[in-house]
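Let's walk through this structure together, one neighbourhood at a time.

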Amino acid sequence: MMATPRSSTGGENGEGSKTGFIPLVTVVDFHHHRGPEVERWFGVEEGEDPAAKYDWTLLPFMALSDGAHASTEDFSYFTLLRPATDDSPATSLFGISCTRQLDASQLLVRPSDVTRSTVQKAVVVIADSPQFFGMLRERLSVVTSAWFAQREFSDTEILRRFQESLAEEKARGQMNEEVDRDQYLGMSLRELVREFRWQTLVLLKCCLLQPKMLFFGSRCERLCMMQFSLISLIPGLLRNLQDCAGPDLNNYEKKLSRPTSLRTSDRNSLLSYMGLPLQIFGKGSLFGPYTPLQQLDILADFGTKSYIVGSTNSLLLQQKDRYSDILINLDENTINITSTSLRTALALSHSDRRWIDFITQEVNDTWDDANPGRPKTMGYRGSEEFIRLQFEEYLLSLISSVKYHNYLIQNAHNPKALLPHIEGDPSTDFSNEWVDYWMKTENYRMWNSHTDGHLFDIVEPKHPCAGGLTIDDVQRRIQQQVQDLHLDERFAVGKEVLGRNLAAGRDKASTIFNKLYADMEALREAQRKRAEETQHLTEKNGSAAYPVDLGKAQQTVSSVGARAGAYIGSWTSWAGEKRKQGWGRSSSSSGGGGWGFGGARKSRSGNTDSSTEKSYTPLSSPALSSPGFPSMEKIQMSDVQHRASEGHERRPLTQDSFDESLLDAAGSVDESVTSSPVSLRKNTELQRERSKSIGATLDEDQHSSAAAGGTSEAKEEKAEPKKEEPKTAESTT
């Protein structure tokens, strides 16, 4: 038998519209031609289609999320709007789907319309509250897995019995208990705090400002669970989501009234008196844990002022500026705030940062990788309940401080109205920018108009971690920033690479040093053998202990002898040239000339005899090209210059034949005298003294030669043929 959904009236805050709704079960199939479509329903009368009745045209797309085919099993959470009926107003319904796929070849009976290699289906449960979805998820996973294990999808008996069990639990009232079961939604607050750290508080305060929040992630279940985790931090909100499915719903505010009584021993009574939950999903707001692309037109509608939605399609990332004020990327664990005013308002104060850092430190200190949902100490600190109560205390302090802030403004000129134990305005510890922004939202207006003005008399208006920045805050932030760098992970890779490089370098260095040592040992052995052979030859030949290389010695002697012979030969050639051309031969007194320059001879008649005219070239000293005698060259040049300066004044003006006999006498000097610079200098001095004595004799003879000119001329003509060419010494090369 299939149950028919029914509803009953009664209850407070809109709860009556949900007490009589019977959970429904449906199957969504992915057809290769028509796409996702509803295949059958369980819990309704035969032939009835709730999707057509309530205009749930997007139900198949919500049940089969984008990318569900990439995993063996995936879950999707979504909201549905049930229109108003004759006996109940419009309200929100919640769906959870379990998607699986099976190889088509494994089917026992393969239908004709199955043309693809895999069959993909989703089993969906639709209920009136997400409060028990934590337990319902586990049951749905087991049922779906068992149905797929049959490999026969036409057998739906297991699905029918599953829906009947849900209806019986609803009839017995097990799913209508007014208890706070928020923590059982299947989401881990410890994972949320560990992944987002201080940004967890930023996300909570952002929800209270009611912007357009867009969550993105490739895994649909994690995407939806993160949003449920976030809104569950607001006490009592999960039990009051009847207006979240559409921006036109506003049933919660219509039935809301100001509390008139308070039982301090009752937690729910205290929360209700303080104005909790803060209803962030009211008029103009929308909540869609998974929102397909086909629902974007609702997001862009003018009546949609704020929402919290999730998507697995990356196309929304390209249009994030259009569809979001803040984007939370769960794949990268990043938060991107596109609105400038929102970014300024969400800046945490020093007290806020100190408070959330304390919670983050508790979670990190008790973290257990094997069981992330439970502290490794098995204690209370750092547990799910610890985190939930810490956020509850924070929100109570926040709304109490804001009430006191309004009280200070109303009694600004009455100092007696101030609380003596409260210093200044405690709302500044929650950030003045955030408080100003929150006062413009719809949930603040709803809360402020339905609560007492002296809530600060019930809860102390003070931040849980009030106070300015301290050195402990700085140290804690530095420690957190160092942890965010993940230096251990980075250095681990660097150490491994460095270790491999050091090992390779050590091996190479060891090989090089070993080879160098072997080469040195081989060289020493060769030198030792050579020394032994030399010593053996020395002892055998009776030579000196240090043998002389005769070849090199002979070569050195030959080169020194060649250089010395070349030097002596050059001087001999130079002296022979001087004898040929005449030492000091010059022209008449009218013609100049110096040492070694000869002028044209004049005849007695004073005319120049062209036939007897001789051209002389300057006589230079022999080229001293030998590199082994640089000092000899200096001595030779100085002697020649000195002799030239003296011989120019005292050489005989005539009697060339006498000059020739003088040169012959000079040339007959023993060659051994001129073989060294010392003997050369002595020879030069001896010639100078002889020239002086001969010059004196020539002066005396000038008078007699003037008287007997003819006789001297005859003697000169006779003396001319007798001239003999001086023998030129053969130069040695």
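Predicted model: local features only at pLDDT ≥ 70, side-chain atom pairs only at ≥ 80, totals over all residues.

To find a spot where they pair, look for aspartate 74: its bridge partner in strand 4 is threonine 99.

Now stay with strand 4, which spans residues 91-103. Strand 4 also pairs with strand 5 (residues 118-127), again through 10 bridges and in an antiparallel arrangement. Is strand 4 mostly covered or mostly open? It is mostly covered, since 11 of its 13 residues are buried.

Next, let's turn to a pair of helices. Helix 6 takes in residues 189-196 and helix 15 takes in residues 350-365; their axes come within 9 Å and cross at roughly 110°. Angles of 65 to 115 degrees count as roughly perpendicular, and helix 6 and helix 15 are therefore roughly perpendicular to each other. Their crossing is left-handed.

Which residues meet where these helices come together? From helix 6 you will find Arg190, Val193 and Arg194, and from helix 15 their counterparts are Ile359, Thr360, Val363 and Asn364. Sorted by class, this contact of helix 6 with helix 15 has 3 nonpolar, 2 polar and 2 charged residues.

Notes. Residues numbered from 1 in each chain as written. Heavy atoms only, no water. Axes fitted to C-alpha atoms, helices over the stretch in contact; angles between N-to-C directions. Helix = DSSP H or I, 4+ residues; strand = E, 2+ residues; numbered from the N terminus. Parallel < 35°, antiparallel > 145°, perpendicular 65-115°, else oblique. Left-handed = near helix turned anticlockwise from the far one by under 90°. Contact = heavy atoms within 4.5 Å. Nonpolar A, V, L, I, M, F, W, Y, C, P; charged D, E, K, R; others polar. Buried < 20%, exposed > 50% of the residue type's maximum accessible area, 1.4 Å probe, protein only. Pairing = 2+ DSSP bridges.
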